[in-house]
Each structure stands twice: as structure tokens, then as C-alpha cells.
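Take a look at the model below before reading on. This report then walks through some of its parts, one at a time.

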Amino acid sequence: FPFPYTPYLIQERFMAALYNALEAGCVGIFESPTGTGKSLSLICGALSWLRDFEEKKQQQEEARVLALEDSGQEGKKLLTLEPGHPHIRDTAGEPDWVTAFVRKKEERDAVDRLKEEQLRRKRREDHLEKIRHNVQLKYAAKRKRAEEDETRRFLQLSREVLSEGAGVDVLEKLDHSEEELILAEYESDEDKKVISGFEDDDDGDLEEEHVTKIYYCSRTHSQLSQFVHEVQRSPFGKGTRLVSLASRQNLCVNEEVRRLGALQIINDRCMEMQKNKHGKKSDEEKAGQKHRASHTTCPFYSYEQMQFLRDEVLTEVKDIEQLVALGRETKACPYYGSRFAIPAAQLVVLPYQMLLHEPTRSTAGIKLKDQVVIIDEAHNLIDTITCIHSAEVSGSQLCCAHSQLSQYMERYRKHLKAKNLMYIKQILYMLERFVAVLGGNVNQNPRCQAVPQTGIVLKSINDFLFQSQIDNINLFKVQRYCEKSLISRKLFGFVERYRGPATAVKTNKENQKLAGLQSFLLTFQQGSDKEGDHPPVETENGQLQAASPLMQIEGFLSALTNANQDGRVILNRQGTVGQSSLKFLLLNPAVHFAKVVEECRAVIIAGGTMQPVADFREQLLSCAGVDPARVVEFSCGHVIPPENILPIILCSGPSNQQLEFTYQTRDRPQMMDETGRILCNLCNVVPGGVVCFFPSYDYEKQVYAHWEKTGLLTRLAAKKKVFQEPKQASQVEQVLVEYAKCIKRCSQAGGQMTGALLLSVVGGKMSEGINFSDELGRCVVMVGLPYPNIKSPELQEKMAWLDKTMPRAAGQAPSKVLIENLCMKAVNQSIGRAIRHQKDFASIVLLDHRYGSSAILSKLPQWIRERTQVKATFGAAFAELRKVRTWIFPNA
């Protein structure tokens, strides 16, 4: 395999296993610890397979063309017949010569198709190669853009001149008969035909369907950018056609639209601008009145420039930031330009949601048939699919949507067709019934309505529909109507129009109506802002606005179309109707993953820590109908030497207090004291940074307060400066910077203080995606087993569903396995924060005797499990931990 340096042995094995899995069309579960070069292994292994696959495919196509051409000669017709095909009259009774004629025509058509594909592929390669090496074309394109900018500037100046002084008078004096003499706005036909110096017949060269692709997806845009940088420095960085996909929020270069902030509002404004650009002229425009303001069409939505951007993307690997910079430079939309590049791309890089959510996948133009999908950082794949397809709406959103839609219907009743009115009334009825289920009335302010009976109730989908009395409404038709009519966008525009106080109106009667509407909408807007239901967005005039609640409700209605056995509806009645909510919980994520594994040639689920993998096999793949024989697993060790990691399971503390952090025992003062004493001892011998993970924010806060009261915190602070993980994501970066600075300062200054202690939370902001490499994490401490809250109604329902649908494994109930697996996935993610590269080293201390049980121990990653020591007493463990000091100071 081509590689930028001599690969580790485990990287060679990883690439070989990946290559074989792609070749065989398998569904693979691949585990390679962080620091072992997983990204490069994925890139080089997958792109090596793609290169070989394309070469083999071209050779087969050329051989087939030759064979078909030969078979077309007189006397060689039988060469094209399949083995064992009887050359007799067929079942329909057709003579041999008719059958042969039809077969010959099919062969000729197949030859023509293959030749056309070869020709298009050759033209595409020539086209991209010409762009890659012909600098003059790029300068010509830039000059063309400059000319267009200048033309637009003069055109704008001309309009401004016409709108001032004598120009206006001349326009007003023209009678109707003279209007036809005025020149219409001119648009050059040539501009549409010439694309970056190439003629129009090259337009379709890149629109091929046959190009085999690898879709690579990960969780965050930073992870995707990191992956693209790895591709750039790999041996495949020059010749690979790669395109990065993202949302409009990440790729939009129109500052007016970007300022809107909320994704849904950005999407709507973008669609509106496209419609204005391509739509028919209004009656007012036809009548000679002023055109709409220029900002209602997007200057970056230029077909010619987006085609140029597409070519640039395909000739050189670019990440999202580089794509946005190119869009600004070329005055082309990166969001649509990147989509134009999909058909000819070999490697498509995109976030989870875009691939795993079918409607989003379809909108983006992603076709998975016979393609390869690699899902990286997939340890939370099941939860991700569940979250993407779950939906929640609050009582405030339901009431607000009802009031907005009612006012919309009343205002435009005379202009709406009968079917529109029918569907709007159905939606209004459903909103009314949903609020009634929560114990409220849509005609009253949700903030002022007390819920008669509070609590959480779970219902099956069918039971919820019956209770809401909407079981006679076809939700599939309503969903389709919402998608086709764009009603939520129309409603959002309607609310935007009449939200402000300065709306111009014609009659006193209409003025009263609109004033009433504005005040009514403002009431709900203020109420929803107070309760935090909608993300506030700053508009151009500095006011805050909220996304249309109907958009959120459409997601809930869509979720209700799932099969009855695959989901539940949670009725959460709290205090007021506004605070209450309806939530759809997806129980079976496999139903949405099934289409991905069915359509794709191969699917690779990869991660640094995939243990325990039973969840993927049973909950995801088995339920999605994947043949067990198609599933392959690969797990490799770490590249660090065995002595560079010291995992210890500690069963008791310095006072011989048995360590068992159950819900019943962890709140005891002696348990919190023992935890503090253990950390004090560790801080005495471990230099640099120590990261301690607690099961929850509440428990971490409780322990911290107890240490403050008993003086343990002062003892800890004498050796290590103590930092706490903040709850707000915006503050995480600042805490990490201060933590790193403190460790660096202590290592340089010497003295009594040797570093810093960071108190973190499992499942928090610092348990995933943060690198505590080298001095930042010489020891990771895990306090107890972070079992999820089994009293959660959602988790209880999931457990009941698993027990009902899944077989027992090794005598254990599926629900018990789920709880253990959720716990250990969180543990594995947290303890993997420390070892980040080949020369790194750290100790891992698991504080709870239950880690020593075979069921729990077996769910640690293999490379950690093999080196784990179970210590019954603290003295024995402390003797081993002192070795950490000798790693840093060999002469100490």
C-alpha cells in the first residue's frame, strides 16, 4: 500500500483487512486506537482498493467491448450466449432469427453504452487535467469575474441615476403605449454557454452516474477537516477527486444570509433567493413598476461560477475552510458548487447527519447504490441514528404554530385553493388535539395554563394517535403536503412580514387586523423566548427573531409515520402547557440504517474504541437484516510499548475502605474522603496533569463541596492546581488553555506544585474529542462505573423493547447487557483520552472493585485489558504507580 512513511505492522494489517472487506462487499467493524494512524490507514487502504477497482473495471469494460464487437460478426453470434443458454425457440414461441435479432440489437446497444462511458471518462480526465495545468484559464476566469463585477456596478449606477431627478419624471410621463418600447433587462446568452473557457458541450462531462465513490463521514466538521488534511499529505493527495459537503450554515458565503444564524432560517432564505432568481416575474413587474431590491437574489448563485468552482474542487483536494475561501474569491456558492462536484468525485467527505438521514441524503444528491460508506468515530453510531430520527415539540411551539397558521389562513382565505384549506385545517386540528393531550387549550396563552396532572407518560404511536383523536388523518399525505407546499416557509415569511411595527397598511380596518396580529404574535414570541423554546437569531436591525415552530412540528409529524413497534411517544406534562412537551423516541435505529447497508457495496464502521461491539452486531446490523456472514470484525493493538501504559483496577483505598460507587454508597462521607485521599497520593507521585472523571456533574459538585469543607481540597491544591469542567461548552476552551498553561509553567519552574488536576465528567465536554496527550494526561482516574440513570422513562422503554425483541446472550437479559455496554462505552471513551501517539505514556486508575468482574473487564479495549492489573489493596497499587515517576525521571 502507498504510504507517506514506513507503516506500523498494525497499519499494514488494518489496510489489508480493509481492502479485503471492500473487495468482498462486507460490513466491517474496525477498531484502531487513537495514535495508531487510523485515518491514514483508512485513506491508503480504501483509495488503494478504489484505484485497483477502477483499473479492473476499465479492463473488463474494454474486454467486453471487444468480445461484443467480435460476437457481432457473422457466424460468431453464439459467443455472447451465457453458458448453458438453449438456442431454441423461447417460451413465447418466437423464431430463432427474431430472438437472435433482438439479442444482437441489445449487444450493439451495450457496446455503444460502454464506448460512450469510456469516451466521457476520457473527456472528463482531459478536462480536469487541462484545468489543473492551464493557469491561463484560471486568470481568464478571474478576469471574466472582474468584468461581471464592473458590469453589475455600472448597471446599479444606471438604476440609481434613473431613480433620481429628471429620470423619474421621464419615466412617469410615459404612457402605457410607450412602455413596450422600453428595453427589457438584458442577459447575455453567451454567459450561460461558456464555462471557465470551455464550450457548452463539456457541461455534461462530469455528470456521470458510474463513478464509484467512497463516502467518508464523521461527527464534527473539525474531524472532517483533519481527515481532509490527512488526504492532502497522503500519496493520494494529488490525484484524488475529493469534495467536502456541509450545511449552508458552514458553507454559505452570503454575509446577509449568514447573519441570520439559525440553520433553518438560513435554509429558507437561501431557497427564497433562488426562487426570486429563477421564478417568473410578478404582475407588478410586468406592469412597469419597480423591481424588487437586488438583495432578494443571491449574487453567489451563479451557474457559470459554480461550474468553475466545481472544476477547482475536483482538481485539488480542499477542506471546508479552503472551499469557503474559494467561494468568496470566485463569487460562487460553495454549498451548491460542491454538490455539482458529487457525480465525478471519488471521495465525498460529509457529516453523519447528511448521510444517515434519508431526506437530507436525497436533497444533497447522494446516491448510495453500489458505493462504499466509511463511518468514522462510530462508537456512538446507534445513539446518533436515534437522535437524528427522534423529535420533540413543546406546548409553546404547538400553540404558537396554531395561532400563526390560523392568522395566515384568515388573511389569505380568499386566495387559497380548496385543497390548501383542507390541509391547513387538518394541521390546525392536529395542533389543537396535541395541546389538548397535554391538558391545554390552543386559544389561551400556554405560559398561563396550568397542567391539571403533571408527570411523564409513554404511549405507543397508535395509542397516541387514538388518544389525540387524529387516527383518521393520513399522516403520510400531510407530510407530503408540508414538503411540497413549503407551508412552514410561507408561514415564516408571513410572520416576518407582519412582525415589525412599521408595516405599511392601506385601510383602517386592515390596520386594526394587522395590529392585532402583531401583538398576538409578539405575545407568543416573548413567551417562547423566555422559555427558550426557539433559538434566538439576530436580524439586521438588531432585533431577535425565532425560527418558525411549524418547522419543528413537521419533524414530529414525520416521526409519527414510523412503524408502531419501532418508536414511542413521550407525554411530558410539567407545570404549564408551555413547559410541557411531546417527544418521539426511536427504539429501533436499524430501520433507518437498513437502507444504507442494503444499497451500499460495502459499509465500514470504524473507531478508536468500538468495544463492546455486541451492540453493533445485534441492535444495528442483525435488526437491519444483514447476513451475519457478511459482517467482519477487525481490532488491532496499540503502537506504544507495553510498559508505556499502566491500567490498574483499585479495589480499596488507603484506609482499606472498599471502593464501590453505587447510588446507595457513593454519597457517604467516607467514600468521598477515600476518593480524595487516593487523589492526594496520586498527585504526590504523578508529575504533569491528572484527569479525574466523575459519573455526573451533580456528583462532581457534591464531592468538590465535601472536599472544601474537610480541607482535602487544600491538600490537593498544594501539589496540583485544581480545575473543574464547566457545564457551558463556550467555557471549555478557556479552562483547557489555563490547565495546559499551568502544567507548562510548573514543569519549567520546578518547586512544590507539579502540575494540575482536572475534575471532569463522563459523557461531558472533555470525555470525547479532547487530547490529553503527553504532560496533559499522565494519569486518568475513573471514579466508579458511570451507569446510566435506569429510572429514565426513555431508557426503561428501550430496555423493555430489547427484552421483548432480542434473544438472551450468555444467559443475560438484553436490557442488562445494554446498561453495561452504555457504561463501558463511556468509560472507554474517557480513559482513551491519555494515550495519543506512539511515544506517549500514562497510567489509568479505575476506582471500583466491580471493574474486576469478568463481564466488565471483558468490555475494556483489548490493548488496555491485556495490561490491566487488579489490585486488592492500595499499597500494592501505589507501588506500581510510583513507576510513573521513573518514566519521567529515570534517575529519580
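## The chain as a whole

This is a predicted model. The chain has 892 residues, and 50% of them are buried. Its secondary structure comes to 36 helices and 20 strands.

Strands of a sheet pair through backbone hydrogen bonds, and the pairing can be parallel or antiparallel. Here, four strands form an open sheet with antiparallel pairing, in the order E6-E11-E10-E7. Strand E6 (391–394) and strand E7 (455–460) stand at the edges. Each has a single partner strand, so one side of each is left without a neighbour in the sheet. From one strand to the next, the twist averages 15 degrees.

Look at one pairing in detail. Strand E7 and strand E10 (residues 567–574) run antiparallel, joined by six bridges. Which residue in E10 is the bridge partner of Leu-458? The partner is Ile-570.

Helix H24 (residues 549–559) lies across E6, E10 and strand E11 (576–586). The angle between H24 and E6 is about 130 degrees.

Pick out Ser-580, found in strand E11. Is Ser-580 buried or exposed? Ser-580 has 0% relative accessibility, so it counts as buried. The cut-off for buried is under 20%.

What does Ser-580 touch, leaving aside its neighbours within four places in sequence? Its contacts include Val-393 and Ser-394, and strand E6 spans 391–394. Asn-572, Arg-573 and Gln-574 are also among them, and strand E10 covers residues 567–574. Gly-395, Leu-438 and Val-451 are in contact with Ser-580 too.

Helix H17 (residues 381–388) and helix H26 (residues 614–622) form a contact. Their axes come within 10 Å and cross at roughly 35 degrees. From H17, Leu-381, Ile-382 and Ile-385 take part. From H26, the residues are Asp-615, Phe-616, Gln-619 and Leu-620. The residues of this contact divide into five nonpolar, one polar and one charged.

Most residues other than glycine have a negative phi, and most peptide bonds are trans.

Start with the loop between strand E5 (372–375) and H17, where Glu-377 is found. Glu-377 is not a glycine, yet its phi is positive, at about 50 degrees. Its relative accessible area is 21%, so Glu-377 is partly exposed.

Next comes Gln-469, in the loop between helix H20 (461–468) and helix H21 (475–485). Gln-469 also has a positive phi, near 60 degrees. With a relative accessible area of 43%, Gln-469 is partly exposed.

Where is the cis peptide bond? A cis bond joins Gln-611 and Pro-612, with omega about -10 degrees. Pro-612 is found in the loop between strand E12 (602–607) and H26. H26 is one of the two helices whose axes come within 10 Å.

Key. Residues are numbered from 1 along each chain as its sequence is written. This is a predicted model: local features need pLDDT of at least 70, side-chain atom pairs count only at pLDDT 80 or more; totals for chains, interfaces and linings use all residues. Side-chain values use heavy atoms; hydrogens and water are left out. Axes are lines fitted to C-alpha atoms, for helices over the stretch in contact, and angles run from 0 to 180 degrees between N-to-C directions. Contact means heavy atoms within 4.5 Å. Ala, Val, Leu, Ile, Met, Phe, Trp, Tyr, Cys and Pro count as nonpolar, Asp, Glu, Lys and Arg as charged, and the others, Gly among them, as polar. Buried means under 20% relative accessible area, exposed over 50%, partly exposed in between (1.4 Å probe, protein chains only). Two strands pair if DSSP finds at least two bridges between them.
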